[in-house]
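Hi,

Here is the structure I promised to pass on to you. Have a look at it first, and then read on for what I found.

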Amino acid sequence: MTIALSQFDEVRLDRVSRDFGALNALRDVSLTIRRREFIALLGPSGCGKSTTLNCIAGLLPVTGGAIWLDKQRVDTLRPEERGFGMVFQNYALFPHLNVRQNIGFGLKMRGTPKAEIDRKVDEALSLVRLQGQEHKLPGQLSGGQQQRVAIARAIVIEPPLVLMDEPLSNLDAKLRLEMRAEIRRIHNELGATTIYVTHDQDEALSLADRIVVLRDGVVRQVGSPKELYEEPAHLDVADFMGFRNKLRGRVLEIENGRVLLDVEGARIAGVAREHVSPGSLAYAAIRSDDMAVGTPGDRSLAVTVDTMEYRGREFVGTAHTAGGLDLVFRSHQAVEPGAKIHLQVEDNRVLVFAEPVQGRN
Ligand code: ATP
């Protein structure tokens, strides 16, 4: 291959902080990214994903901590000295330059000889499958094609790191799926190291080798997609991983890590993911897939159905309890809104978390 990415062993964020006035947008973020990893930064809007990426890229100075590329400190370098490839949500292409010129721009700025630029641009065009489009202007391309140009432009400079900030957000659902697979293919073919910002858990789960969940500028959990999906360490991570039902209740008893909770008179059993003690308040987190219509009894919740949606293979409903808990469940049959039913969960599908401490979760 003509395009050979710079090699290194790891990128390390060491207690990186970034303040905006009184706002601590990032607080002591420490993270090691290994060569060839695909890392997703995941979290709700405003959690600090873009700030983290921009600090790594050098578009934003850090206000504390350091960033290392192996033994070289890079947070003190200008963005162009770091030489990382960036892909933005809005593509950020030059509208008056054609595809080939857009992709070759960075190399030209670096004074790369023309023959070498041509060779590398050809290879980048082929990698992102845009051969034959090279003389078009960005305005003559679809959103997906423009994103391919942006990716080609980021990788043609042979960066040690490729940084992507919500690159698929402007694409429609079908194209987003297609480009998602393309991004992973390109990452693999190049042997790239990629840091990818998204607020979409499906995107993070399907693309990443490891996911970093951020909240309020703090790293909440780092793990493989499977670890995060099956073993979220905190309630907010579980929430982000699709545990839509969060049932607040009081701990009745604990035995071998299994907790029995009283939730509005129903006894809900689950596995403790955080330390809880008898008598304390805790949350049972349950996926809507694991909450189904059942029969009355001391293990089921009495609810009133609010909405019912047909989803092809099954229905998904919402309901509320007398105590005001809102729940999402699945059902094989349609249930009329207003109907009073009982919802049941499988014990081994319930995770129990401590009640978050206000202002310090
Ligand atoms: P989104 O997905 O909405 O972009 P994000 O997780 O990327 O969210 P950031 O853009 O990193 O979040 O923002 C983190 C926090 O820092 C937010 O509270 C945001 O309002 C604040 N912030 C970001 N940039 C600036 C800035 N230039 N000046 C002041 N505050 C900022």
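The shell around the ligand has 4 nonpolar, 7 polar and 1 charged residues by class. In that count, Ala, Val, Leu, Ile, Met, Phe, Trp, Tyr, Cys and Pro are nonpolar, Asp, Glu, Lys and Arg are charged, and the others, Gly among them, are polar. The residues surrounding the ligand are Phe20, Leu23, Ala25, Gly43, Ser45, Gly46, Cys47, Gly48, Lys49, Ser50, Thr51 and His199, where being near means a C-beta atom, placed from the backbone, within 6 Å. Strand E2 (23–34) and helix H1 (49–57) are the elements that give two or more residues to this shell. H1 gives the most, with 3 residues. Helices (H or I, at least four residues) and strands (E, at least two) are DSSP runs, numbered from the N terminus.

Before you go further, please keep in mind that this is a predicted model: local features need pLDDT of at least 70, side-chain atom pairs count only at pLDDT 80 or more, and totals for chains, interfaces and linings use all residues. Residues are numbered from 1 along each chain as its sequence is written.

Now to the overall picture. The protein chain has 9 helices and 20 strands, and its C-alpha trace spans about 75 × 45 × 35 Å along its principal axes. The chain is divided into domain 1 (10–235) and domain 2 (244–354), with bounds from an automatic or database domain assignment. Their C-alpha centres lie 39 Å apart. The contact between them takes 4 residues from domain 1 and 7 residues from domain 2; two residues are in contact if their C-beta atoms, placed from the backbone, lie within 7 Å. On the side of domain 1 that touches domain 2, the residues divide into 3 nonpolar, 1 polar and no charged.

Of the 361 residues in the chain, 37% count as buried, that is, with 20 or more other C-beta atoms within 10 Å of their own. The largest nonpolar core has 96 residues, and Ala40, Ala152 and Val352 have the most contacts inside it. Such a core is a set of buried Ala, Val, Leu, Ile, Met, Phe, Trp, Tyr and Cys residues joined through C-beta atoms within 7 Å. Helix H5 (residues 143–156) supplies the largest share of this core, 7 residues. Domain 1 and domain 2 both give residues to the core, so it lies between them. As for Ala40, leaving aside neighbours within four places in sequence, its contacts include Tyr196, Thr198 and Ala204.

Best wishes

Conventions. Buried ≥ 20, exposed ≤ 12 C-beta atoms within 10 Å, placed from the backbone.
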